[in-house]
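My notes follow the structure.

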Amino acid sequence: MDGDFIIGGIFLIHSHTSSENKAYTRQPLQLQCSGSMSSRGLRIARAMEFTIQEINNRTDVLPGITLGYQIHDSCSAVSMAVKVAFQFANGMEPFYNDTDSCSKSAAAAVPALVGESTSTLSISMARILGLFGIPQVSHYATCACLSDKRQYAAFLRTAPSDHHQAAALARMVKYFGWTWVGAVRSDTDYGNYGMAAFLKAAQEEGICVEYSESYYRTDPRSKLERVANVIRRSTARVIVAFIQTGDMFFLLQELATRPPPPLQWIGSEGWIIDPDLLQFNMCAGAIGFGIPRSVIPGFREFLLDLSPAQALKSPLLTEFWESSFSCSLKGSSEGARECDGSEDIRALQNSYTDTSQLRITNMVYKATYAIAHAIHGVICNDTQCDKSAKFTPWQILNHLKRVNFTTKNGFQVSFDSSGDPVAFYELINWQVKEDGSLDFVTVGHFDSSRPRGQEFSMSRAIIWVGRQTKVPTSVCSESCPQGTRKAVQKGKPVCCYDCIPCAEGEISNKTDSVNCVRCPPEFWPNTQQDSCLPKPVEFLSWDDTLSIILTAFSITGAFIAVCVAVVFYKHRTSPIVRANNSELSFLLLFSLTLCFLCSLTFIGRPSEWSCMLRHTTFGITFVLCISCVLGKTIVVLMAFRATLPGSDVMKWFGPPQQRLSVLTFTLIQVLICVLWLTISPPLPFKNLQQYKERIILECALGSAIGFWAVLGYIGFLSLLCFILAFLARKLPDNFNEAKFITFSMLIFCAVWITFIPAYVSSPGKFTVAVEIFAILASSFGLTFSIFAPKCFIIIFRPEHNTKKHLMGKGPSKSI
């Protein structure tokens, strides 16, 4: 159509090339297209004609200016697209002059053009048109590579870039929990670039791809069969298809010959919105992102306002009319039934008349309006336009980059710095209708203008494969439960893994954990290893059976010592009591009572005071006890010396000296304990190292030197006492005190020598129990060894409780 300014257009109407003349212009164009015509492609091409007519009838856009158009068929061939690009750039009329077949009429280059439909053809044209600065606004070329303005400086588009679509697909796959997918693509710029972007986005989302196959409809059938067999054998139940509608048609046809198990198809906009593919029921439940559905007022009436006379004006419309009604328009062809005028285009049911899914068509509508607004910005001021104005395509391009308007049907049109619009997709689901057929249902949206993480939203339920309502699963390995971690299988993608139980002391409290987390020092995993529980605190508590037994022995020992003291006090004037130094005996019994009772300080929850008390009390009371025994031993030796003629040794170790020696020995231990408590006292300590699963609450020694100094001092006195008693064991006497002291010291030393390795090696609360046992055993040893024989004589053999018997002068000497 002629006009003040001619806008170019190129669309995919035929799928093959030949030498036939097919052009949608008022003048015949020598194009070389053949093959079957796409009714949908013709409808999309006529959308540009409709839009230009609508613009010409408006007074607010290019008032007083008429736009014309030259629309070409690309035939889905790069060679044809390149040829058309040169025609647009050179300003050549696309037909030969009738008078001179060699001369061509000169004409101005088009200021801008709409098209092409596919990415590969748009790339070829953009490289040429960009050299001349001629803006190319594509309605359906979505390859992300076209956003590179260094290579495609004059390219813009109204369809979103596949960069956004790939990210949206990956996010949707992740949303439904699919981590194991297959991938097929068209072996074109659209498929290869789109799939590359998806694979990158999928990797970032933690999605693994079992296979990635490519196919183009002109490839040998053997390759198509191989791709179909890969799909049939795969374990992935979800397939992402970044593929053009023609390639998808052949692939589905091949799969239909031997259907694979039910699959969940994830589609790109290249085929997910193509109604011609709804015939394949194996795609029931398919889901993907598509160009938003729209309504263009008046467009359906424009399409149906086509008469045989109008169809004859264009070879393309003539071909459409004849193929639709199986008749021949007058003079167009021979051998076919002539159209008789009864043909009713409104009765047709094909893609041309179906305006219920105007998606790509609306992109043409927006692209044409964008060019009109750019021309308006160049040649028009606030009130009028200058049709004689001279301008360059670069000026149109600059204004195109800045357009920002809303179309009559409510869609915003603008371009970013890469020539791309704001990405907005509808989430399309192929749902089964009541009659069993498939239909497109919008179930969600993707809007790149929203904040990150909120772009994707779902508003309706999904109908899955085979009418299932349960979301299908597609994973290489089942999710690892809590308490385990993922271990990648060697040589396989990261989505293929084994579930390994967490190591001892570690947990994982969520599914598919990559790593296990170690519990804090005072916590330990539960049986399922999915949470950390506080470790039980272990100490020798009062309600423990072992504590009750030891307490009973401790009280019993103290009671026995008190009873012995009572017996001694009652018979304090008897020879046997007087002969055994009653003062030291009572002091010894008092210290033994304290020794028995000091074991009770080791029972119960350790505290700061109990830790300091238990060790110092034990050390001081035992030194007091051993000091008394040592005093008694020295008294025995001194007494024997005193019986020798001329000896006055007893005056050097009388009662005052005995008291002073006991006090001195005890004060030395008190000094050691004071230094220990001052420098580094025993304190409560949570032992986390001895046992992994529980805490041992014990008293840390503080200064180990202090502890072993206390024990060493007790051992030194015990050894000294044992040596002295051993030396006096054979002194002549019916009741030799030295023998009993020797035996008691032997028991005492044996107990504490065995205590050391037992103490070091005993686990947990048994360490304390061993210490209590050593205290009680040595205390009982001293009590019974020293006092049991005396009490036996006092109570059961009172006749032996005489001075003569003790001196070995009575008749009972043999006893």
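**Two helix pairs**

I began with handedness, and found that α11 and α12 cross in a right-handed way. I kept in mind that this is a predicted model.

Entry one, α11 and α12. I looked up where these helices lie: α11 covers residues 360–379 and α12 covers residues 393–402. Their axes are 8 Å apart, and the packing angle is about 115°. Angles from 65 to 115 degrees count as roughly perpendicular, so α11 is roughly perpendicular to α12.

I then asked which residues of α11 meet α12. From α11 I listed Ala370, Ile371, Ala374, Ile375, Gly377 and Val378. On the α12 side I found Gln395, Ile396, His399 and Leu400. Sorted by class, this contact has seven nonpolar residues, three polar ones and no charged ones.

Entry two, α2 and α3. Here α2 spans residues 78–90 and α3 spans residues 119–132. I noted an angle of about 25° between them, with the axes 9 Å apart. Angles under 35 degrees count as roughly parallel, which means α2 is roughly parallel to α3. For handedness I wrote down that α2 passes α3 in a right-handed crossing.

Which residues of α2 meet α3? I found Val78, Ala81, Val82, Ala85, Phe86, Phe88 and Ala89. Their partners in α3 are Thr120, Leu121, Ser124, Met125, Ile128, Leu129 and Phe132.

Notes
Residues numbered from 1 in each chain as written. Predicted model: local features only at pLDDT ≥ 70, side-chain atom pairs only at ≥ 80, totals over all residues. Heavy atoms only, no water. Axes fitted to C-alpha atoms, helices over the stretch in contact; angles between N-to-C directions. Helix = DSSP H or I, 4+ residues; strand = E, 2+ residues; numbered from the N terminus. Parallel < 35°, antiparallel > 145°, perpendicular 65-115°, else oblique. Left-handed = near helix turned anticlockwise from the far one by under 90°. Contact = heavy atoms within 4.5 Å. Nonpolar A, V, L, I, M, F, W, Y, C, P; charged D, E, K, R; others polar.
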